[in-house]
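Reader: Please take one part of this model and go through it closely. I would like to know what surrounds it and how it is placed.

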Amino acid sequence: MTYEEFTEGRRWVTQGRTVTEADVTLFCGLSGDFNPLHSDAAFSAGSGFGERIAHGPLVQAMAIGLMSQLNLINGTAMGLLNLNWDFRAPVHFGDTVHARISVASARPSKSGSGVVALRFEVLNHENRLVQEGQATLLMASDTRKLPLVEGAADVDNGGNVQSPGEWPE
(Lines give C-alpha, C1' and ligand atoms only; values in the text may rest on other atoms or scores of the structure.)
Protein backbone atom coordinates (compact mmCIF):
# COMPACT_ATOMS: atom_id res chain seq x y z
CA MET A 1 0.00 0.00 0.00
CA THR A 2 1.13 3.54 -0.61
CA TYR A 3 0.77 6.26 1.98
CA GLU A 4 -2.44 7.60 0.37
CA GLU A 5 -4.15 4.26 1.06
CA PHE A 6 -3.57 4.58 4.83
CA THR A 7 -6.59 6.53 5.99
CA GLU A 8 -6.90 7.50 9.63
CA GLY A 9 -8.86 4.91 11.60
CA ARG A 10 -8.45 2.05 9.10
CA ARG A 11 -7.84 -1.20 11.00
CA TRP A 12 -6.53 -4.73 10.54
CA VAL A 13 -6.04 -7.81 12.69
CA THR A 14 -3.21 -10.29 12.18
CA GLN A 15 -3.17 -14.02 12.50
CA GLY A 16 -1.78 -15.52 15.70
CA ARG A 17 1.70 -16.83 16.40
CA THR A 18 2.70 -19.09 19.29
CA VAL A 19 5.87 -18.06 21.15
CA THR A 20 8.15 -21.06 21.58
CA GLU A 21 11.27 -21.88 23.56
CA ALA A 22 13.12 -22.02 20.24
CA ASP A 23 12.05 -18.43 19.44
CA VAL A 24 13.42 -17.21 22.78
CA THR A 25 16.64 -19.23 22.48
CA LEU A 26 17.27 -17.86 18.99
CA PHE A 27 16.55 -14.31 20.17
CA CYS A 28 19.01 -14.74 23.07
CA GLY A 29 21.72 -15.66 20.57
CA LEU A 30 20.78 -13.01 18.03
CA SER A 31 20.52 -10.15 20.51
CA GLY A 32 23.11 -11.29 23.04
CA ASP A 33 20.49 -10.82 25.79
CA PHE A 34 20.83 -13.87 28.02
CA ASN A 35 18.98 -12.34 30.98
CA PRO A 36 18.13 -15.32 33.23
CA LEU A 37 14.42 -14.37 33.12
CA HIS A 38 14.55 -15.60 29.52
CA SER A 39 17.29 -18.22 29.54
CA ASP A 40 17.52 -19.87 32.99
CA ALA A 41 14.60 -22.09 34.05
CA ALA A 42 15.83 -22.51 37.65
CA PHE A 43 16.33 -18.77 38.14
CA SER A 44 12.97 -17.94 36.53
CA ALA A 45 11.11 -20.46 38.70
CA GLY A 46 12.01 -18.30 41.70
CA SER A 47 11.04 -15.05 39.99
CA GLY A 48 7.69 -13.32 40.20
CA PHE A 49 6.82 -14.95 36.86
CA GLY A 50 7.42 -18.52 38.04
CA GLU A 51 8.89 -19.52 34.68
CA ARG A 52 10.90 -18.16 31.78
CA ILE A 53 9.25 -15.42 29.74
CA ALA A 54 9.82 -14.05 26.24
CA HIS A 55 11.87 -10.90 25.69
CA GLY A 56 9.67 -7.82 25.21
CA PRO A 57 11.51 -6.79 22.01
CA LEU A 58 11.07 -10.32 20.63
CA VAL A 59 7.29 -10.07 20.94
CA GLN A 60 7.42 -6.54 19.50
CA ALA A 61 9.32 -7.87 16.48
CA MET A 62 6.81 -10.71 16.12
CA ALA A 63 3.94 -8.20 16.07
CA ILE A 64 5.64 -6.17 13.36
CA GLY A 65 6.33 -9.38 11.43
CA LEU A 66 2.70 -10.45 11.72
CA MET A 67 1.72 -7.03 10.34
CA SER A 68 4.18 -7.51 7.51
CA GLN A 69 2.44 -10.77 6.60
CA LEU A 70 -0.67 -8.71 5.81
CA ASN A 71 1.41 -7.16 3.00
CA LEU A 72 0.55 -3.60 4.02
CA ILE A 73 4.05 -2.16 3.67
CA ASN A 74 6.02 -4.68 1.58
CA GLY A 75 7.68 -2.85 -1.28
CA THR A 76 6.38 0.58 -0.23
CA ALA A 77 7.94 1.16 3.20
CA MET A 78 10.96 3.40 2.73
CA GLY A 79 12.08 3.57 6.35
CA LEU A 80 11.16 3.18 10.00
CA LEU A 81 11.18 6.63 11.58
CA ASN A 82 10.13 5.92 15.16
CA LEU A 83 8.95 3.26 17.60
CA ASN A 84 7.13 4.14 20.81
CA TRP A 85 6.22 0.99 22.73
CA ASP A 86 4.87 -0.08 26.13
CA PHE A 87 5.17 -3.55 27.61
CA ARG A 88 2.04 -4.32 29.65
CA ALA A 89 2.23 -8.00 30.63
CA PRO A 90 4.63 -10.94 30.31
CA VAL A 91 4.45 -13.34 27.40
CA HIS A 92 5.08 -16.96 28.41
CA PHE A 93 6.34 -19.82 26.29
CA GLY A 94 3.27 -21.32 24.61
CA ASP A 95 1.31 -18.04 24.53
CA THR A 96 -0.19 -17.22 21.14
CA VAL A 97 -0.08 -13.53 20.25
CA HIS A 98 -1.75 -11.50 17.53
CA ALA A 99 -1.91 -7.78 16.78
CA ARG A 100 -4.63 -5.28 16.08
CA ILE A 101 -3.29 -2.46 13.94
CA SER A 102 -4.88 0.87 13.14
CA VAL A 103 -3.80 3.98 11.29
CA ALA A 104 -3.21 6.73 13.85
CA SER A 105 -2.24 9.33 11.25
CA ALA A 106 -1.05 9.77 7.68
CA ARG A 107 0.38 12.91 6.14
CA PRO A 108 2.49 13.89 3.17
CA SER A 109 6.18 14.50 3.79
CA LYS A 110 8.37 17.25 2.37
CA SER A 111 10.11 14.67 0.17
CA GLY A 112 6.90 13.80 -1.68
CA SER A 113 6.48 10.54 0.21
CA GLY A 114 4.18 10.09 3.21
CA VAL A 115 4.52 9.57 6.95
CA VAL A 116 2.20 6.93 8.40
CA ALA A 117 1.81 6.19 12.12
CA LEU A 118 0.46 2.72 12.86
CA ARG A 119 -0.91 1.90 16.30
CA PHE A 120 -0.39 -1.66 17.59
CA GLU A 121 -2.23 -3.58 20.28
CA VAL A 122 -0.61 -6.96 20.91
CA LEU A 123 -2.89 -9.47 22.62
CA ASN A 124 -2.34 -13.00 23.87
CA HIS A 125 -4.63 -15.98 23.32
CA GLU A 126 -6.74 -14.87 26.31
CA ASN A 127 -7.24 -11.49 24.58
CA ARG A 128 -5.14 -9.82 27.28
CA LEU A 129 -3.19 -6.74 26.18
CA VAL A 130 0.50 -7.58 26.52
CA GLN A 131 2.05 -4.74 24.51
CA GLU A 132 0.95 -1.58 22.73
CA GLY A 133 2.73 1.03 20.75
CA GLN A 134 3.14 2.99 17.60
CA ALA A 135 5.44 2.61 14.61
CA THR A 136 5.98 5.61 12.35
CA LEU A 137 7.02 4.80 8.79
CA LEU A 138 8.09 6.72 5.72
CA MET A 139 5.94 5.31 2.93
CA ALA A 140 6.09 5.63 -0.83
CA SER A 141 3.44 7.82 -2.42
CA ASP A 142 1.31 6.98 -5.45
CA THR A 143 3.39 9.59 -7.26
CA ARG A 144 6.70 8.03 -6.12
CA LYS A 145 5.95 4.30 -6.14
CA LEU A 146 8.89 2.01 -5.55
CA PRO A 147 9.30 -0.97 -7.87
CA LEU A 148 7.18 -3.86 -6.61
CA VAL A 149 8.97 -6.66 -4.82
CA GLU A 150 8.62 -10.01 -6.59
CA GLY A 151 5.74 -11.92 -5.00
CA ALA A 152 4.58 -8.96 -2.88
CA ALA A 153 1.02 -9.00 -4.22
CA ASP A 154 -1.83 -10.07 -1.95
CA VAL A 155 -2.15 -13.63 -3.24
CA ASP A 156 -3.27 -16.65 -1.25
CA ASN A 157 -1.88 -20.15 -1.85
CA GLY A 158 -4.54 -20.75 -4.49
CA GLY A 159 -3.33 -17.76 -6.52
CA ASN A 160 -6.40 -15.65 -5.71
CA VAL A 161 -5.78 -11.95 -5.10
CA GLN A 162 -6.92 -10.87 -1.63
CA SER A 163 -7.05 -7.63 0.27
CA PRO A 164 -5.38 -7.54 3.71
CA GLY A 165 -7.44 -8.76 6.67
CA GLU A 166 -9.52 -5.79 7.71
CA TRP A 167 -10.40 -5.56 11.40
CA PRO A 168 -14.15 -6.10 11.63
CA GLU A 169 -16.34 -3.48 13.28
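Predicted model: local features only at pLDDT ≥ 70, side-chain atom pairs only at ≥ 80, totals over all residues.

Author: Numbering starts from 1 along each chain as its sequence is written, and side-chain values use heavy atoms, leaving out hydrogens and water. Helices (H or I, at least four residues) and strands (E, at least two) are DSSP runs numbered from the N terminus.

Helix 1 spans residues 21–31, and its buried residues are Asp23, Val24, Phe27 and Cys28 (buried is under 20% relative accessible area, exposed over 50%, partly exposed in between, with a 1.4 Å probe and protein chains only). Viewed down the axis, these residues fall within an arc of 135°, so they line one face of helix 1; the arc is taken over directions from the helix axis to the C-beta atoms. Leu26, Gly29 and Leu30 are exposed on the other side. Just after helix 1, Gly32 has a positive phi of about 80°.

The axes of helix 1 and helix 4 come within 10 Å and cross at roughly 110° (lines fitted to C-alpha atoms over the stretch in contact, with angles from 0 to 180 degrees between N-to-C directions). Helix 1 is therefore roughly perpendicular to helix 4, a label for angles of 65 to 115 degrees. Asp23, Val24 and Phe27 of helix 1 meet Pro57, Leu58 and Met62 of helix 4 in this contact (heavy atoms within 4.5 Å).

Technical notes:
Parallel < 35°, antiparallel > 145°, perpendicular 65-115°, else oblique.
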